[in-house]
Amino acid sequence: MAAVFVATMLMSTGTAAAEVGELYAKGVNPFDGIVPDFAIFGAEFNNAWRKILAGLWAIAFVIVGAGFIRAIIDYQSAKKGGYAQGVAEKAESAKSSAIALGALSGLPIIVGAIISVF
């Protein structure tokens with residue numbers, strides 16, 4: 001809240017800054033009741049950002065999936081070669097990749113939960 005107040009004060013001058021300062025002093029949230037809405041920018045913008053987000057998500061799946069496959073192959077290679085320290089490192093890498101893949105798969109649920117909490 002303080003960061004919003006400071007940023008608002010730095011970006012604006014005059015009565016608007018004084019009004020925000022008064023709201024902050026009273027403990028009133030100036031964003032109360034305001035929700036993000038991309039409809040104001042038109043249907044083309046709404047479709048474009050969704051396509052871009054879907055594309056980035058797909059690229060992330062490819063990268064994380066490839067990393068997971070590589071980690072599993074490295075783990076099996078170290079295990080087959082009998083390298084005890086290498087097996088532990090590769091197992092940790094495979095676990096991290098699996099967690100990343102799971103988080104990426106559950107991204108809509110995670111983001112939805114964060115939004116509903118706040």
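User: Let's start with the helices. Is the crossing of α3 and α4 left-handed or right-handed?

Analyst: Left-handed, for α3 crossing α4. Keep in mind as we go that this is a predicted model.

User: How do the axes of α3 and α4 sit relative to one another?

Analyst: The general idea first: for two packed helices, you quote the angle between the axes and how far apart the axes are. Here, α3 covers residues 43-81 and α4 covers residues 84-105. Their axes come within 8 Å and cross at roughly 155°. Since angles over 145 degrees count as roughly antiparallel, α3 is roughly antiparallel to α4.

User: And which kinds of residues make up the contact of α3 with α4?

Analyst: The contact of α3 with α4 has 16 nonpolar residues, along with six polar and three charged ones.

User: Is Lys95 buried or exposed?

Analyst: Lys95 sits in helix α4, and at 52% relative accessibility it counts as exposed, because the cut-off for that is over 50%. Across the protein, 10% of the 118 residues count as buried.

User: Now the rings. How many aromatic pairs does a search of the whole structure find?

Analyst: Two. To describe a pair of aromatic rings, you give the distance of the centres and the angle of the planes. Take Phe41 and Phe45: the ring centres are 5.0 Å apart and the planes stand at 65°, so this pair is edge-to-face. Phe41 is exposed at 55% relative accessibility, while Phe45 is partly exposed at 36%.

User: What about Trp57 and Phe61, how is that pair arranged?

Analyst: Trp57 and Phe61 make a tilted pair, with 5.7 Å from centre to centre and 40° between the planes. Both belong to helix α3, and because they are four residues apart there, about one helical turn separates them. Trp57 is partly exposed, at 30% relative accessible area, and Phe61 is partly exposed as well, at 32%.

User: How far is Phe61 from Ala100, C-alpha to C-alpha?

Analyst: Phe61 and Ala100 are 39 residues apart along the chain, and 9.6 Å separates their C-alpha atoms. Ala100 is in helix α4, and with a relative accessible area of 34%, it is partly exposed.

User: Stepping back, how many helices and strands does the protein have?

Analyst: Five helices and zero strands. Going from the N terminus, the order of elements is α-α-α-α-α.

Technical notes. Residues numbered from 1 in each chain as written. Predicted model: local features only at pLDDT ≥ 70, side-chain atom pairs only at ≥ 80, totals over all residues. Heavy atoms only, no water. Phe/Tyr/Trp six-rings, centres within 6.5 Å; stacked < 30°, edge-to-face > 60°. Buried < 20%, exposed > 50% of the residue type's maximum accessible area, 1.4 Å probe, protein only. Helix = DSSP H or I, 4+ residues; strand = E, 2+ residues; numbered from the N terminus. Axes fitted to C-alpha atoms, helices over the stretch in contact; angles between N-to-C directions. Parallel < 35°, antiparallel > 145°, perpendicular 65-115°, else oblique. Left-handed = near helix turned anticlockwise from the far one by under 90°. Nonpolar A, V, L, I, M, F, W, Y, C, P; charged D, E, K, R; others polar.
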